[in-house]
Amino acid sequence: MILNDEQKAMLNGDLGEGAAYAMKIQFALGEAFDAQRMVPIKRAHVALSNQDGDLWFAEKLVKAGAHCKVAPTVNPGFCTGHFTGACGHPADAEDIAHMIRTDNAYRALGAVLSYNCTPYIATNVPNFGEVCAFSESSATPYVNSVWGARSNRESANSALCAAITGYVPEYGLLLDENRKGDILVRVEADMKTPYEYHLLGMMGDKIGEGIPVFTGLPHTISAEALRNLGAQLNTSGAYGMYHIVGCTPEAPTVEVALGGKKPKYEVVITNEDLQNVEATFSDKRDNDKVDFAMFGCPHFTLEEAQHIAEGVKGKKLAIPMYILVSSHALQMAQRMGIADVLAEAGAEIIADSCPDQPCWHYLKGKVGITESPKCAYYPRRRGIHFIIRDLDTCIQAALTGEVK
Ligand code: F3S
């Protein structure tokens with residue numbers, strides 16, 4: 001790989017130990033992927049996990065004096081303010097200390113402490129063609145597919161290195177020739193709400209490895225539905241990008257989306273496929289009762305919080321309900337009175353938090369209801385189980401305590 005003078009100086013340690021450490025990792029990645037050069041990035045997003053490996057890496061960079069040249073937004077851990085008292089189920093002292101260390105490390109690195117996994121909707125939105133370094137399952141496909149920006153499917157660590165050096169090795173989805181679709185996916189299922197896009201995204205096994213080109217979907221699709229599609233594609237598989245013919249910017253026609261080539265194969269998705277996903281990822285119970293409802297994996301938008309508020313206004317929930325959002329959406333919900341409506345019904349709207357965090361220890365052994373297969377998938381390892389249904393069915397279940 002040919003490096004410019006600044007990149008060479010970083011690699012040699014002339015710009016500090018931290019920058020050298022980050023550049024060494026990126027140089028190795030570039031060599032592994034046969035990149036010819038490194039190119040500057042305009043923005044980055046780091047999918048911090050608040051887990052041991054992530055914290056080890058971030059603190060190592062802090063100790064080495066690293067500081068981000070391009071301040072990245074970051075994924076949620078959990079909100080220490082909420083989980084120390086407000087919720088009535090305080091997180092363990094050790095877990096709170098870990099979250100505080102994560103917070104301190106990323107602050108020292110110069111990150112934007114956004115703690116939100118949908119930055120592409122409001123706070124970190126690229127322009128068409130912009131080169132970025134985005135990690136996070138729903139974020140990478142969204143910026144590539146919906147915004148037409150260019151990012152490889154970075155890990156949290158490689159995205160952080162890119163934020164520190166300000167560069168990424170040029171390979172993969174940064175190059176025109178690698179952005180063409182190669183699997184034709186004909187959707188025959190009824191795609192009525194964002195929920196069906198969650199289920200469609202969980203078809204990774206059937207779609208297989210490559211860049212899917214979806215046909216049969218509407219030309220206008222909501223941000224929430226597109227968010228769901230990308231999130232679940234990277235729960236059921238590994239996809240940096242997809243095309244939706246007539247909707248996403250690099251797919252005006254099937255021919256353009258496929259780069260004039262024939263697809264390597266075709267896949268048809270039916271209503272039955274989506275019903276199977278719902279059944280496969282829902283936990284089985286011998287009765288209709290659920291213990292709690294959880295939404296916001298990925299983080300819910302203000303509009304989704306408002307939709308729930310309209311559904312529960314003037315009523316009382318039978319079971320706890322947790323709605324996970326960005327701090328921006330929370331503040332808007334508070335200003336607009338949405339948070340009050342939710343609180344009166346018994347729902348909690350929480351910023352900065354993810355279902356795959358230790359703060360939910362008190363839900364261990366319980367069965368919740370959610371509209372997100374990803375929400376059902378990850379917390380399983382923490383002993384928390386879910387039934388999956390569309391959002392309106394989930395809201396009704398929270399009002400009665402039973403799934404109809
Ligand atoms: Fe976001 Fe955590 Fe779900 S990062 S997508 S809320 S697993």
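1. Let's start with S138, which is buried because its relative accessible area is 0% (buried means under 20%, exposed over 50%, partly exposed in between, with a 1.4 Å probe and protein chains only). S138 belongs to the loop between β4 and α6 (helices are DSSP runs of H or I with at least four residues, strands are runs of E with at least two, and both are numbered from the N terminus). Its side chain makes a polar contact of 2.7 Å with the side chain of Y120. For that term, read a pair of N or O atoms within 3.5 Å; within protein, one must be able to donate a hydrogen and the other to accept it, and residues adjacent in sequence count only if both atoms are side-chain atoms.

2. A quick word on what you're looking at. This is a predicted model, in which local features need pLDDT of at least 70 and side-chain atom pairs count only at pLDDT 80 or more, while totals for chains, interfaces and linings use all residues. Numbering runs from 1 along each chain as its sequence is written, and side-chain values use heavy atoms, with hydrogens and water left out.

3. E136 sits in the loop between β4 (132-134) and α6 (139-146), and its phi is positive, about 100°, although the residue is not a glycine. With 11% relative accessibility, E136 counts as buried. You'll also find E136 among the residues around the ligand.

4. Now the ligand. Around it are N75, P76, C117, E136, G296, C297, P298, C354, P355 and K374, where being near takes a heavy atom of the residue within 4 Å. Sorted by class, that shell holds 6 nonpolar, 2 polar and 2 charged residues. Domain 1 (5-176) and domain 3 (282-400) each supply at least three residues to the shell.

5. Where does the ligand sit? The ligand is in the largest pocket. A pocket here is an open set of points on a 1 Å grid over the protein atoms alone, with protein on both sides within 12 Å along at least five of seven lines; a molecule sits in it if more than half of its atoms lie within 2 Å of its grid points.

6. Strand β10 (residues 292-300) gives the most to the ligand shell, with 3 residues. P298 lies in that strand, and the peptide bond from C297 to P298 is cis, with omega near 0°. Both C297 and P298 are listed around the ligand.

7. D34 is another non-glycine residue with a positive phi, here near 60°. You'll find D34 in the loop between α2 (17-32) and β1 (38-40). Is D34 buried or exposed? D34 counts as exposed, because its relative accessibility is 62%.

8. On to some helix residues. T235 is part of helix α10 (residues 223-236) and, at 12% relative accessibility, counts as buried. A polar atom of the T235 side chain lies 2.9 Å from the backbone oxygen of A231.

9. L330 belongs to helix α14 (residues 327-335) and is buried, at 16% relative accessible area.

10. Last, T165 in helix α7 (residues 156-165). T165 is buried, since its relative accessible area is 0%. The C-alpha atoms of T165 and C394 are separated by 44 Å, and these residues are 229 apart along the chain.

Definitions and conventions: 1 Å grid on protein atoms, 1.4 Å probe; cavity = no way out; pocket = protein on both sides within 12 Å on 5 of 7 lines; lining within 4 Å. Nonpolar A, V, L, I, M, F, W, Y, C, P; charged D, E, K, R; others polar. Domains from an automatic or database assignment.
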